[in-house]
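The structure is displayed first.

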Amino acid sequence: MKHHLVLKVVTKIMVGFIILFALYVQFHGDYSPGGGFQAGVIFAAGFILYGLVMGLENVQRVLPPWIAHKLMALGVVIYTLVGIYSFFVGFNFLDYGALTPSHPEHGQHYGILLVELGVGITVAGVVISVYYAFASRSIKSQDEEW
Amino acid sequence: MLVVSAIGVLWVKHLFGAAMFSGIFSFLSALLFVMLDAVDVAFTEAAVGAGVSTILVLATIILTKRRAKEWKASENLRPLALVILTGGILIYGSLDMPEFGSSTAPAQTHVGLTYLESTPKQIGIPNVVTAVLASYRGFDTLGETAVVFTAGVGVLVLLGGFIGTRRRKDQG
């Protein structure tokens, strides 16, 4: 894609906003539509857009595949740790009141935030890794083939 | 328009066009979800259905063929009969459902009501969907996250996504 100047310029402007929007959806999920899952997909979409236009090597310099793979597991680990933590403080598994026992409602806020973060990280990791796996297999295709 | 784009997916021989039609289909169904006030679902449909899965379909097309295989109409009669039968049964089943938006529907009278009442008191956040998803049904969501993780690992193993992606310690 050497000659797609417009695409490249627009992508460079857009990617920042896409990732910012993903973070907004992630951390504002309590108040507006969206949550970890949607945020993860939007976050990944930013990287995929960058990879589509700038080429796989460039996006993998920003986010190497091994990091994407670790992210997949990291999200599940965060989620589970929140649950296990509430065990040790004497609450039920995944009872977020455990995070601030004096004020259970605040605990719910923190718990939902952390858990959604876990979901978002896993989803972003999975979508980016699957994209990498597809893109790194594809034969270099020419625009004229379409 | 949903039906038109669905027929378009089947009609177009060029797979690139079919992928675009399925993207359009996803966007239209996202609009449908917005009209039904299911904003969270619409969000997901627009991001996953229209965005990411279209990209993955295109990536698959690059790896395989650009055009659909030719087929004879007679080969498709049995699947068509099966689809019509299943659709007929589903429509017959939906005749029993309560009217759209009816206040006596089970969805409005049982647990849904409890969640709507207790979320502001117990959780204190305005988005009830998030409260149900992450707190009341936290265990389910943990399972879902694990499923996403497992599915991702499965796809990577099938596609060989792990090959050559480790940090090379010996080669530097």
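Where is the place of B:Pro126 in chain B? B:Pro126 sits in the loop between α6 and α7 of chain B.

## Conventions and confidence

This is a predicted model, in which local features need pLDDT of at least 70 and side-chain atom pairs count only at pLDDT 80 or more, while totals for chains, interfaces and linings use all residues. Residues are numbered from 1 along each chain as its sequence is written, and chains are lettered from A and ligands numbered from 1 in the order in which they are written.

The predictor assigns the complex an ipTM of 0.79 and a pTM of 0.78. The mean pLDDT (the predictor's confidence in each residue, from 0 to 100) of chain A is 82, and 92% of its residues score at least 70. For chain B the mean is 79, with 87% of the residues scoring at least 70. Among the elements of chain B, helix α5 (residues 106-109) has the lowest mean, 68, whereas helix α4 (residues 77-94) has the highest, 90. Over residues 168-172 of chain B, pLDDT stays under 50, and the model has zero contacts beyond four places in sequence for them. Two residues are in contact if their C-beta atoms, placed from the backbone, lie within 7 Å.

## Architecture of chain B

Chain B has eight helices and zero strands. Both kinds of element are DSSP runs numbered from the N terminus: helices are H or I with at least four residues, strands are E with at least two. Of the 172 residues of chain B, 19% count as buried. A residue is buried if 20 or more other C-beta atoms lie within 10 Å of its own, exposed if 12 or fewer, and partly exposed in between, with C-beta atoms placed from the backbone. Among contacts in chain B between residues at least 6 apart in sequence, 35% join residues at least 24 apart.

B:Pro126 is exposed because 12 other C-beta atoms lie within 10 Å. Its C-alpha atom is separated by 18 Å from that of B:Val111, 15 residues apart along the chain.

## Packing of α6 and α7 in chain B

Two packed helices are described by the angle between their axes and the distance between the axes. The axes of α6 (residues 111-123) and α7 (residues 128-136) of chain B come within 10 Å and cross at roughly 75 degrees. Axes here are lines fitted to C-alpha atoms, for helices over the stretch in contact, and angles run from 0 to 180 degrees between N-to-C directions. α6(B) and α7(B) are therefore roughly perpendicular to each other. Angles under 35 degrees count as roughly parallel, over 145 as roughly antiparallel, 65 to 115 as roughly perpendicular and the rest as oblique.

From α6(B), B:Tyr115, B:Leu116, B:Thr119 and B:Ile123 meet B:Val128, B:Ala131, B:Val132, B:Ser135 and B:Tyr136 of α7(B). This contact has seven nonpolar, two polar and no charged residues. In this classification, Ala, Val, Leu, Ile, Met, Phe, Trp, Tyr, Cys and Pro are nonpolar, Asp, Glu, Lys and Arg are charged, and the others, Gly among them, are polar.

## The interface between the chains

The contact takes 51 residues from chain A and 40 residues from chain B. On the side of chain A that touches chain B, α5(A) provides the largest share, 21 residues. The residues of that side divide into 29 nonpolar, 17 polar and five charged.

The axes of α5(A) and α7(B) come within 10 Å and cross at roughly 85 degrees, which makes α5(A) roughly perpendicular to α7(B). A:Gln108, A:Gly111, A:Ile112, A:Val115 and A:Glu116 of α5(A) make this contact with B:Thr130, B:Ala134 and B:Ser135 of α7(B). By class, three residues are nonpolar, four polar and one charged.

B:Phe149 lies in helix α8 of chain B and counts as buried because it has 21 C-beta neighbours inside 10 Å. Leaving aside neighbours within four places in sequence, B:Phe149 is in contact with A:Met72, A:Ala73, A:Val76, A:Thr122 and A:Val126.
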